Amino acid sequence: MLGFYNYTVILTYISLCSAVTGIFTAIAGSGHPFIATACLMVCGCCDAFDGMVARSKKDRTEQEKRFGIQIDSLVDLIAFGVLPCAIGYACYMSHHMDGFILSDKWALFKPVAAVKIPLFFIVFCLFVLAALIRLAYFNVMEEERQKKTDEKRKYYQGLPVTSACLIFPTIMLIQYIVGKTFDISPYYVVALFITAILFVSKIHIKKPGMKGILIMVGIGVVEFILLLIFRFCYGH
């Protein structure tokens with residue numbers, strides 16, 4: 001078969017499976033945004049260590065290295081670009097099922113749907129587009145940089161797309177802290193819009209070392225546990 005299937009790409013493949021699971025969980029029926037958010041965090045955990053696992057194989061061919069770079073970006077687009085939007089859609093649907101019915105030709109004229117749905121989907125498209133542009137731009141510039149120097153990158157230009165795995169779970173936790181009846185979707189969409197801008201901005205962010213990565217993983221684990229506690233204690 002085409003492709004590579006050694007252990008260096010296992011985490012990336014797992015991340016993709018988790019992302020697809022999260023997307024379908026979010027858009028199925030009334031949607032389950034908190035389960036989808038848990039899938040997003042699994043993607044973040046896989047991404048945190050997939051590079052280390054890949055570099056542990058010292059005899060990788062140039063084709064294997066390039067293949068790993070390509071699939072990493074492709075999976076990141078789905079996991080940290082598409083999945084957060086699916087979660088936002090699920091948040092909206094869980095509070096406004098009566099506001100958006102595809103079979104009802106008059107649905108878009110209902111007060112809730114007429115304003116929120118077009119605006120929300122515009123932001124969803126902008127978010128995925130920003131993630132796509134950032135990933136493609138980063139790949140091109142990183143390839144150029146590596147041709148000129150072997151020095152490891154110390155700073156990111158713009159917010160990495162993987163930051164989505166910490167930003168949006170935090171917002172989802174606010175839903176339970178404030179109360180299940182509270183509609184978090186407008187605030188979630190605002191966060192999507194701001195994050196999209198940061199993806200393609202020229203701000204410089206220091207690249208975290210191993211200690212920083214472990215701290216972020218620890219924060220993610222705490223958020224993941226809290227999500228599960230809230231999910232099973234209160235249901236959704």
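**Exercise 1. Count the cavities of 30 Å³ or more, then work out what surrounds the second largest cavity.**

Step 1: the count comes to two cavities of 30 Å³ or more. A cavity here is a set of points on a 1 Å grid over the protein atoms alone where a 1.4 Å probe fits but cannot get out. Grid points are joined across faces, edges and corners, and a volume is the space filled by probe spheres set on the points.

Keep in mind that this is a predicted model, where local features need pLDDT of at least 70, side-chain atom pairs count only at pLDDT 80 or more, and totals for chains, interfaces and linings use all residues. Residues are numbered from 1 along each chain as its sequence is written, and side-chain values use heavy atoms, with hydrogens and water left out.

Step 2: the second largest cavity holds about 30 Å³ of space. Its lining residues (those with an atom within 4 Å of a point) include Thr12, Ser15, Cys43, Asp47, Asp72 and Phe80.

Step 3: helix H1 (10–27), helix H2 (33–55) and helix H3 (62–95) are the elements that give two or more residues to this lining. Helices (H or I, at least four residues) and strands (E, at least two) are DSSP runs, numbered from the N terminus.

Step 4: sort the lining by class, and you get four nonpolar, two polar and four charged residues. Ala, Val, Leu, Ile, Met, Phe, Trp, Tyr, Cys and Pro count as nonpolar, Asp, Glu, Lys and Arg as charged, and the others, Gly among them, as polar.

**Exercise 2. Find out which residues of H1 are buried and where they sit around the helix.**

Step 1: H1 has 18 residues and spans 26 Å from its first C-alpha to its last, close to the 26 Å expected. The expected span is 1.5 Å times one less than the number of residues.

Step 2: Thr12, Ser15, Ser18, Ala19, Gly22, Ile23, Thr25 and Ala26 are buried. Buried means under 20% relative accessible area, exposed over 50%, partly exposed in between (1.4 Å probe, protein chains only).

Step 3: look down the axis of H1, and these buried residues fall within an arc of 165°, so they line one face. The arc is that of the directions from the helix axis to the C-beta atoms. Facing away from that buried side are the exposed residues Cys17 and Phe24.

**Exercise 3. Describe the second largest pocket.**

Step 1: its volume is about 250 Å³. A pocket is an open set of points with protein on both sides within 12 Å along at least five of seven lines.

Step 2: helix H4 (111–148) and strand S1 (155–157) each supply at least two lining residues, and H4 gives the most, with five. Among the lining residues are Ile133, Tyr137, Arg153, Gln157 and Phe199.

Step 3: by class, the lining has seven nonpolar, two polar and three charged residues.

Step 4: follow Phe199 into helix H6 (residues 185–199), where Phe199 is buried along with others including Tyr188 and Leu192. The buried residues of H6 fall within an arc of 155°, so they line one face of that helix.
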